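Biologist: Hi! I'm new to this one, could you walk me through it?
Modeller: Happy to, let me bring it up.

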Amino acid sequence: MILDLINAVLFVGITGWAVYMFASVVYRRYLYIRLGKPANLKKDLKERLSQFAIQVFGQSKLFKDRKSGIMHFIVFYGFIILQFGAIDIIWKGLSGHGLPIPGYAGFILMQEITVALILLAIGYAAYRRYGEKLKRLKRGWKPSIVIFFITSLMASVLLTMAFERLREGLPWSALAPITSSIAAAFAWMPSTAVSVCYFAFWWIHLLILLSFLVYVPQSKHFHLITAPINILVRRTDPPGKLSKLDLEDEEAESFGVGKIEDFTQKQMLDFYACVECGRCTNVCPASNTGKLLSPMHMIVKLRDHLTEKGAALTSKSPWMPASVFGSAGVHTMAATDLALVGWKGEGITDIGPTMEVQKRSWHQVEGVDPKDVQLIGGVMTEEEIWACTTCRNCEDQCPVANEHVDKIVDLRRHLVLMEGSVPQEGQRAMQNIERQGNPWGISRADRSKWVQEIDPEGTLDLKIPTVKENPDFDILFFVGSMGSYDNRSRKITRAFVRLMNEAGVNFAILGNEEKNSGDTPRRMGNEFLFQQLCMENIETFQKYDVKRIVTACPHTFNIFKNEYPEFGLTAEVLHHTELLDQLVKEGRLTPKHPIREKITYHDSCYLGRYNDVYDQPRNVLRAIPGVELLEMERTRENGMCCGAGGGQMWMEEDAGKRVNLARTEQALAVSPTMISSACPYCLTMLEDGTKLKEVEDSVRTRDIAEILELSVFGLSEIHEQEVVVQ
């Protein structure tokens, strides 16, 4: 009785202390998150619960990597099952008898099977990290400690159950094959030794369990708590939609994010939800081509900085006990270790060089006040901030609903609006947009010159009325800066206009009244210029009672459809591939001339990941006789960016390999005779890529509209032998 009492008292005391430390650590990190700005989240409870069930219990995002998904699925549900077994083990050690569970023998069998599966899964996890050596996974004692925790915990479960069988004198049972076999191996031990071993392993099991409990919120495994919450409170706005800045707020001390407290509380929750799985970095076009930016490291660095600065501002240490988990020094970037010049990778893409530089550069320095570490410069460098193409592949892959792009744009907003710091080429593009309404600085009065220049001889008899000439139009064709000024993109404009004429679409254009959509300024952080353009465009749309808009530019399509409504736009917005797909299905366009080409289609990020338009362009290609559609290895949701988004179209790549070259090489890997696209930016980048590879004569690049035009009308002199139809 005395031993039982001592056992119970120790259990209550140690468990209570562990729970107290766990609660304290969680609460302190909650206080750090509270330092951020309040987040205005929509109350879409039904959608939130639906996604919560799909992503948390369905593990849907994790299965984007099938092997890893299966492994994590086993561990996730295995631990849920084993919690009941842990309660049973603890209760037996305190009371001397098990829980009154119906079919108890079957319950024990399920526990043993689950333990075995978890050990296999953890073994595979270790193999992926140290056998396959996946570059996206960190190696070392810290990233691997959970493997030791779980392995030790599973071993303690089996040994506790085995010595329990010996203690109770239970025979070998097929319903407990593992623990029965272990018990048989120790059957020679005297009863006193068996009892000692039983309680020893019972306490080892309990202490491992409680140690893991205390360790979780002080490590990346805090995601076990924060990730489900993060998924539940995730933004339900359209994917990638940027927040609106109140530029008229007279009380605002700054705009954008210049210090960690400028992030919203939801953005800070992202930091603690990160699993450090590296899936985001593994697909990032910047990381894959030797740029300094790594989405995973960005989140980790922001998390470390928030923890350290939060501790300084609240005077509450993030570590308990500090002697075990305490951190020596404050994290900051080592500028001397940031050199990443030239392409040092292997194969078409390689995240290795970026991972290595990030590992070296993020280090701890003693004697530094966390409040003195600058967010831009000390945590995130400007090189990282400007390397992002805003493609959102990182967010698509993230299993815990983290958003990376909005954080980068918020940092850009501070650089642009508060410090006036922009790469020279980007600054020039924004100045040209501000002065002339286009990135090249060509006269505003020349915006509609394309109408005369795409068919100077009048052989096509194109009808391109303005809104004044055709006030009863059904749909406004917003041509955009690329389609109006860029000579290559004008061919897309010509093809699309010709197809609309053929289908009898009642459309009109704005002519010289058209302005830049504002996508480039907004993604580059110039919210002031974007809002000015946005309001001017909406005023023009309202002036002509625009109800439907079509555009050939996915960037314009996305910003009109998903971000303009917050400023007052009510019109329906279509991408030209959506309209063309509809016209072909309705029989208003008939592809009749064979196009005997092996075509691979490149998914535009702003058309695909931002707006889920994947099938419409492919439907058009499949409707064209003679076309053989080839899919790249990275396609649809996982298609790699061309490198032009986020303002990169107007800036030079100084480090590593050119993104468009890598994407072109991925396209060429499937041996196409033509690379197709549905974005003028993408087409430009891919065409440049074929020139860099010196295959432009054998592998042509064409927009979906151009290919459909050839099939509907056949080859004519206007194409100037652009395409040879076999």
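**A first tour**

Modeller: The protein has 30 helices and ten strands. Helices (H or I, at least four residues) and strands (E, at least two) are DSSP runs, numbered from the N terminus. This is a predicted model, where local features need pLDDT of at least 70 and side-chain atom pairs count only at pLDDT 80 or more, while totals for chains, interfaces and linings use all residues. Residues are numbered from 1 along each chain as its sequence is written, and side-chain values use heavy atoms, with hydrogens and water left out.

Biologist: Thanks! What does the C-alpha trace span along its principal axes?
Modeller: About 105 × 60 × 45 Å.

Biologist: And what percentage of the 726 residues count as buried?
Modeller: That would be 57%. Buried means under 20% relative accessible area, exposed means over 50%, and partly exposed is in between (1.4 Å probe, protein chains only).

Biologist: How many bridges join E9 and E10?
Modeller: Four, in the parallel sense, with E9 covering residues 674–677. Methionine 674 stands opposite arginine 700 in E10.

Biologist: Switching to salt bridges, how many does the structure hold?
Modeller: The structure holds 46. A salt bridge is a side-chain nitrogen of Lys or Arg within 4 Å of a carboxyl oxygen of Asp or Glu. One of them joins glutamate 653 and lysine 291, with the closest N and O atoms 2.9 Å apart. Glutamate 653 is in the loop between E8 and helix H28 (659–668), and lysine 291 is in the loop between H11 and H12, so the pair ties together parts 362 residues apart in sequence.

Biologist: Is lysine 291 buried or exposed?
Modeller: Lysine 291 is buried, with a relative accessible area of 8%.

Biologist: Which residue does aspartate 410 form a salt bridge with?
Modeller: Arginine 413, with the closest N and O atoms 3.3 Å apart.

Biologist: Where do glutamate 572 and arginine 548 lie?
Modeller: Glutamate 572 is in strand E6 (residues 572–575) and arginine 548 in strand E5 (residues 548–551), so their pair ties together parts 24 residues apart in sequence. Their side chains meet in a salt bridge (3.2 Å, N to O). Glutamate 572 is partly exposed at 40% relative accessible area, and arginine 548 is partly exposed at 26%.

Biologist: Which residues do salt bridges with shared partners join into one network?
Modeller: Asp410, Arg413, Asp519, Arg522, Arg523, Glu527 and Glu563.

Biologist: Now phenylalanine 478, where does that one lie?
Modeller: In the loop between strand E3 (475–477) and helix H21 (480–485). Phenylalanine 478 is buried, with a relative accessible area of 1%. Leaving aside neighbours within four places in sequence, the contacts of phenylalanine 478 include Leu510, Phe541, Ile549 and Phe560.

Biologist: Last one: which residues form the nonpolar patch on the surface?
Modeller: Ile2, Leu3, Ile6, Leu10, Ile14 and Leu207, with about 570 Å² of accessible area together. Patches are made of residues with over 30% relative accessible area and no salt bridge, where like charges are joined within 9 Å and nonpolar side chains (Val, Leu, Ile, Met, Phe, Trp, Tyr) within 5 Å. Accessible areas come from the Shrake-Rupley method with a 1.4 Å probe, and for residues only the protein chains shown count as cover. Helix H1 (residues 2–33) gives the patch its largest share, five residues. Isoleucine 14 is in helix H1 and counts as partly exposed at 32% relative accessibility.

Conventions. Pairing = 2+ DSSP bridges. Contact = heavy atoms within 4.5 Å.
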